[in-house]
Amino acid sequence: MKNFMDENFLLQTETAQKLYHQHAAKMPIFDYHCHIPPKDIAEDKQFENMTQIWLYGDHYKWRAMRTNGVDERYCTGDASDWEKFEKWAETVPNTLRNPLYHWTHLELQRFFGINKIFNPSTAKEIWDECNAKLQTPEYSVRNIIRMANVHTICTTDDPVDSLEYHKQIKESGFEVNVLPAWRPDKAMAVENAAAFNQYVDKLAEVSQTTINSFSSFMEAIEKRHKFFHENGCRLSDHGLETAIAEDYTEEEISVLFEKIRGGNELTDSEIRKFKSCMLYEFGIMDHSRGWTQQYHMGALRNNSTRLYNKLGPDTGLDSIGDFEIARPLSKFLDRLDMENKLTKTVLYNLNPRDNELIATMIGNFQDGSVPGKMQYGSGWWFLDQKDGMEKQMNALSNLGLLSRFVGMLTDSRSFLSYPRHEYFRRTLCNLIGKDVENGEVPNDMQLLGQMVENICFYNAKAYFNFE
């Protein structure tokens, strides 16, 4: 029987252990998609206690706590930080076989050197020990990033964002690349006329553009795209239920823009046409500046109306959806490809039924211009656990080239989430190690070690080419 989460955690064979310890472990982290606030990096924030760095904004933990019977007051409410931490300690023993159990203990081990099992009986001593360390300069946000051996961070930023904190970070000389990523979801969110119009007004203000037509709207978007590019952005990201590729004319879109600017709601068909146009236009912009585009597809969001009205979005109310993906995604990518304007693209699915769908879709549009131009993104959100990551990598191996994979990302709002890269790397090495032990791939450690290092770091570094 193996010890719990020892140095060979998840590494079931000798080959897997060699691949991880000699190759994967030493690789820097290239975190090309996350939700951490650049303000905290710019100001080199010092967190007061573990609840603030561990539980604030973490809807993974909130979902588990609610499931464990914890009142909302201890998740997002007005309970004290210690009370929230205590409720998390009561919940953790009940997360066995959920990735939260592993992540919790990995973060305690890697950042705080704590190997105790986290539960109600150890909560107070862990609280005191971690909080004492958080008060020291070694645990400022920038030093936590350094501790994790992070090379690059891409945040998630709206086109109307000033990017002031990215500028501060760059001017400060911080050696880790912290770059914005363009997330224009609100610029196509026409389901709510009032909210969209408020956004357009904000866009007009920051772009210093009078927006009185669809063409001037796109002029303002283009100005912000250029501004992001000038501030180091080379990556876009879109959160979609599915790709949208309805037929439309420019005249139709102009009329729809005038309609919604007049305060009128669009029909479902009109919404799809407008979104189809925007996705295409964003794809053209990304190609024009040599960016990479990402599409996160498949989330059914804000399912609990009661909690959404109380807490808002991104609070643990989302689930996997079952939308049609293949036909509209193919049509969307094909239109860009036919015009020779399909830039490097990363596709993520949230429903595991779509694994093989995405793995085969990317093969349709590889063109030999860039290794792995079309990428099947890593196991995401509900799939970023061992089983989900293995299924994603197996689908990619069977139907594409795992060796060209750009690897893992945190997709997190927490500065303690970097061990998720370790979790991924151990899973990767274990997959390959099993194949070696089974005689399915050659026991060539030079070949396999380089493949592991590429997937962990070098592929992403070359693919995104930020430097």
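Strand β1 (residues 29-31) and strand β2 run parallel, joined by three bridges. Strands here are DSSP runs of E with at least two residues, helices are runs of H or I with at least four, and both are numbered from the N terminus. Two strands pair if DSSP finds at least two bridges between them. This is a predicted model: local features need pLDDT of at least 70, side-chain atom pairs count only at pLDDT 80 or more, and totals for chains, interfaces and linings use all residues. Residues are numbered from 1 along each chain as its sequence is written, and side-chain values use heavy atoms, with hydrogens and water left out.

Stay with β2. Asp-31 has Ile-153 of β2 as its bridge partner. Ile-153 also stands opposite Val-178 in β3. Strand β3 (residues 177-179) pairs with β2 in the parallel sense, over three bridges. Five of the five residues of β2 (residues 150-154) are buried, so the strand is largely enclosed by the rest of the structure. Buried means under 20% relative accessible area, exposed over 50%, and partly exposed in between, with a 1.4 Å probe and protein chains only.

Move on to β4 (residues 235-240). Five of its six residues are buried, so β4 too is largely enclosed by the rest of the structure. Six bridges join β4 to strand β5 (residues 292-297), and the two run parallel. Gly-239 stands opposite His-296 in β5.

Now the aromatic side chains. A pair of aromatic rings is described by the distance of the centres and the angle of the planes. Rings of Phe, Tyr and Trp (its six-membered ring) pair if their centres lie within 6.5 Å; planes under 30 degrees apart count as stacked, over 60 as edge-to-face and the rest as tilted. The whole structure holds 33 aromatic pairs. In one of them, Trp-103 and Tyr-423 have ring centres 6.3 Å apart and planes at 80°, so the pair is edge-to-face. Trp-103 lies in helix α6 and Tyr-423 in helix α18 (residues 419-437), so this pair ties together parts that are 320 residues apart in sequence. Trp-103 counts as buried, at 3% relative accessibility. Tyr-423 is buried, with a relative accessible area of 3%.

Phe-405 and Phe-424 make another pair: centres 6.1 Å apart, planes at 75°, so edge-to-face. Phe-405 sits in the loop between α17 (386-399) and α18, while Phe-424 is in helix α18, 19 residues apart. Phe-405 is buried at 0% relative accessibility, and Phe-424 is buried at 2%. Elsewhere, one aromatic cluster is formed by Phe-30, Tyr-32, Phe-457, Tyr-458, Tyr-463, Phe-464 and Phe-466.

Charges also meet rings. The criterion is NZ of Lys or CZ of Arg within 6 Å of the ring centre and within 35 degrees of the ring normal. Lys-87 lies over the face of Tyr-74, 4.9 Å from the ring centre. The charged end of Arg-420 sits over the ring of Tyr-60, 4.9 Å from its centre.

Asp-58, Lys-61, Leu-100, Trp-103, Thr-104, Glu-107 and Arg-420 line the largest cavity. A cavity is a set of points on a 1 Å grid over the protein atoms alone, where a 1.4 Å probe fits but cannot get out; lining residues have an atom within 4 Å of a point. The structure holds one cavity of 30 Å³ or more. The volume of the largest is about 40 Å³, counted as the space filled by probe spheres set on the points, which are joined across faces, edges and corners. Helix α6 (residues 99-112) gives the most to the lining, with four residues.

How values were computed:
On a 1 Å grid over the protein atoms alone, a cavity is a set of points where a 1.4 Å probe fits but cannot get out, and a pocket is an open set with protein on both sides within 12 Å along at least five of seven lines; lining residues have an atom within 4 Å of a point.
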